[in-house]
Amino acid sequence: MTSPPLKESSSEKFEAEKEDSSKTVFSKYYEYLPYNRHRKESVLNLLHFRETGLTNRYNNYNSSKTKWTSYTRKNPCFYTRSLCAAKFGSSILSPMISNINQTTEEVDKKLIRPRQFEYHPSDSCLMAVGTLDGEAVILNHETGNIVSCIFPYRNTSSIIGLCWLKQHPSKLLVGSDSGSLRLYDVSNNKSTVEFDDFEQLTSVHVNSSDDRCLTSGYSKKVAIYDITTGKRLQLFTEMHSEPINVAKFSNHNPNLFVTSSFDRDVKMWDSRQKPLTPCYTVSSSRGIVMVLFSHDDLYLLVSGVDNEVKQLFAVDGKIQTDFGIVSSGSGHNYTRSYYMNGRDYIISGSCEEPIIRVCCAQTGRRLRDISLEGSGRGSSIFVQSLRSDPFRHFHMAVLVAYARPMSKYEIIKVNLLSSSRSDEGYQAGFNICNSYGKGG
């Protein structure tokens, strides 16, 4: 006599439903792999498919599971994104964190104390580093070698603003918190233009045609200068009711610019309007630390105090993505965010937290939280500023601050596509002192 089949117990049903619910919640708020890939893929299989158009017959698992349509394969970004997702999946436990080594005799003689940095727009090896001592150091960030060094001018204090010219890549605009502003040719370390001073400067930016630059500071003023003569063309007062920490030109329109203020407003402006009035104003619930355009000018990335990060449509200021990062409750937790991989992802960090958050720019879903705490780095490390590498997907540089055992900063590099950590190399970074919520 055959026994009747056993029915699935209620506990098993509950566990199955719980697992399905957990997957649904996870997929709503998090990405398992970049670019919405749902399973780990073999790099070798992807390369084989790219070269031959055929799946790898030695990799039956991936071949049977992966469906690459003709339309998908024709997408020029398909292989880059797929390879990134595959490499990301293989290093998902621990991204590589390393320092920019100081290797030259010049560094041995004098310690570099950075305050700001910017990647070069066309040379993948170069980075400009502004220091607390008023220097602008051109650094090969791959080798750690100093390419050139611009020494302080007059009584220049901390270099707080740096901007490379787009059409003249050897030209670097350098601004200090004492208000001095100068244009240098880094090929010969000579100053080519000296600008009228701008008090309490925190931000400098050059427009898309390289003929004007924009400054803002710890005041309610914004100035536009002629790049070739250094003369101030326009001075705007009372644009906001609180200090304007960051102002940025559009990447493609030389007349449009956006301002962000601790009065909780972001404003879009057109310098051709007479009298100058904002194109629109977007208000936030907290003071705004910084704002910038996406590379194609479709969006604005807005970073407010204590992790209030949003992406707006640049055309009208409407919210496209609210990243929903949890606040810490501190009114001094200044948050800065930048785009990564074009405008596919954003990276965000705050000056009272040891975490870098990586989120999908379109959906807001979290890809990864990178903790900088760990072996050899102590427990009091915070993110002061950060930039994504414009030439390498899922790479970034971060200016971090240590509160204990002694106050110092250093620049580190994070590679999300590699898991081999260089703890030994991390130990000797760029030491600098405390700074606050100024600049980007």
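## Two antiparallel sheets

Two strands count as paired if DSSP finds at least two bridges between them; strands (E, at least two residues) and helices (H or I, at least four) are DSSP runs numbered from the N terminus. By that rule, β7 (residues 171-176) and β8 (residues 181-185) pair in the antiparallel sense over five bridges, and Lys171 has Asp185 of β8 as its bridge partner. Both belong to an open sheet of four strands, ordered β6-β7-β8-β9 with antiparallel pairing. At its edges, β6 (159-164) and β9 (190-194) each pair on one side only. Neighbouring strands here are turned by 30 degrees against each other on average, direction ignored (axes are lines fitted to C-alpha atoms, and angles run from 0 to 180 degrees between N-to-C directions).

Now for another sheet: β10-β11-β12-β13, open and with antiparallel pairing. Because β10 (201-206) and β13 (232-236) have a single partner strand each, one side of each is left without a neighbour in the sheet. Four bridges join β12 (residues 222-226) to β13 in the antiparallel sense, and Tyr225 stands opposite Arg232 in β13.

## Helix α2

In α2 (residues 43-52), Asn45, Leu46 and Phe49 are buried (under 20% relative accessible area, 1.4 Å probe, protein chains only; exposed means over 50%). These buried residues fall within an arc of 100 degrees seen down the axis, so they line one face of the helix; the arc is taken from the directions from the helix axis to the C-beta atoms. The face turned away from that buried side carries exposed Leu44 and Glu51.

## About the model

This is a predicted model, where local features need pLDDT of at least 70 and side-chain atom pairs count only at pLDDT 80 or more, while totals for chains, interfaces and linings use all residues. Residues are numbered from 1 along each chain as its sequence is written, and side-chain values use heavy atoms, leaving out hydrogens and water.
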